[in-house]
Amino acid sequence: MSSGLFGIKHSNRSEDAHWSKNCFNSSFPASTACYMMANGLPAIYIHLAIVNGKPTVVTSEIPVSDVFNCKGRQAEDLCFSFESVYGPYQKYSFDTIDVIDLVIKDLDGNFLSPLEVKLTVLPDNTTYKRPEEKWGSEMVIRSATTSYCALGMFDAVKADAKGIREIFEASCSSIQGWDNDFEMTHKTPALTNSIDEFQKKYYSRQKPLLMQTLWKTQGKSPLLAEKAFDVVIWSDYAFSRLFIDSSYDTAPTMSRPMRATARLSRCLWELSKSEKIRIADIYRQMAFGNQTDKEFSIPGNKWRTYVETSRIANPILPKTAVHSIIENGYIEKLSPERRFDQTLYFTVRSYDS
């Protein structure tokens, strides 16, 4: 079935759905990644290393085929299942787990990879006045992403459940009320140290979790930059540092990063004991007065402290790549009242004229 987007041949979305509000924001990034895979272009890879004994986020590159876990298959040999449950993780929860933005399967229905998808502009409001090489991009994170982070971390090391439990036992077993703001505020440093120990031991088992597609504009202008598109892949371990590192900051009450750190600790500890938890109940119970669908956000100036690459100033794809990613005739399906759609629409129209 045609989608009008490069590489997206098999999908759970109809042709029109790919171009609708909210759907295009994940269909276009998936297609961009397919285009990069077909042309042998690696994505930026943000992952965790141990530097001087400390978990540290570093930047390298990764083939898109490794992100999709597709072992040499081409995009037309894959099924792109959007807003779907990643089946292999369901066995770890009594209640139904959340959907994730994109599940990659082969054509026989075998699950290959779960990915959260972000489409973000470069620069954002916190960095557009900086030199171009210092620009950053804002990310808003859903609770579903952090729950998949926890499930994926455990899935990769489940054979050593005893070792995981030993790491978290001291910091978790004494907690009387996981929803008690006062108690959890004071227990967060110990939980953070436990996660550090866990990641130092198992960091070699990290894997891609979040696919962030960047579209770069000419500063605050709506016009695309000449070098306009790139894909940033966050491993589950590197992604977790976005909230774990902020949990070191002292606060009188539970902040959003502290909440995410506590949830991750509890999930890993309880999974190490029984390999099955009520993850929806954990996330609902541990709200601490904040909305439960939004986990936290990262402004571009903070994002930039984790992403160190020359590809910020020079993204790998030129703006003309949009003519290969979007098939002829489909640009008219965009809705110019939406910011990204407007930028693409008028970029393509002006280029064609």
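## Burial and overall build

Of the 353 residues in the chain, 56% count as buried. Please keep in mind that this is a predicted model. The secondary structure comes to 11 helices and 11 strands. The radius of gyration is 20 Å, close to the 20 Å that the globule rule gives for 353 residues, so the chain is as compact as a globular protein of that length.

## Helices α6 and α7

Let's look at one helix pair in detail. Helix α6 covers residues 236–244 and helix α7 covers residues 256–274. Their axes come within 8 Å and cross at roughly 130°.

On the α6 side, the contact is made by S240, F243 and I244; on the α7 side, P257, A260, T261 and L264 take part. By residue class, this contact divides into 5 nonpolar and 2 polar residues, with no charged ones.

## Cysteines

How many disulfides does the model have? The count comes to 0. In general, a disulfide is a covalent bond between the sulfur atoms of two cysteines. For C23, the closest cysteine sulfur is that of C79, and at 15 Å it is too far for a bond. The cut-off for a disulfide is a sulfur pair within 2.5 Å. C149 is in no disulfide either; its nearest cysteine sulfur belongs to C267, 9.8 Å away.

Are C23 and C149 buried or exposed? C23 has 14% relative accessibility and so counts as buried, the limit being under 20%. C149 has 0% relative accessibility, and therefore counts as buried by that limit.

## A170, an exposed helix residue

A170 is found in helix α4, which spans residues 161–172. Why does A170 count as exposed? Because its relative accessibility is 66%, and the cut-off for exposed is over 50%.

Methods. Residues numbered from 1 in each chain as written. Predicted model: local features only at pLDDT ≥ 70, side-chain atom pairs only at ≥ 80, totals over all residues. Heavy atoms only, no water. Buried < 20%, exposed > 50% of the residue type's maximum accessible area, 1.4 Å probe, protein only. Axes fitted to C-alpha atoms, helices over the stretch in contact; angles between N-to-C directions. Helix = DSSP H or I, 4+ residues; strand = E, 2+ residues; numbered from the N terminus. Contact = heavy atoms within 4.5 Å. Nonpolar A, V, L, I, M, F, W, Y, C, P; charged D, E, K, R; others polar. Rg over C-alpha atoms; globule rule 2.2 N^0.38 Å.
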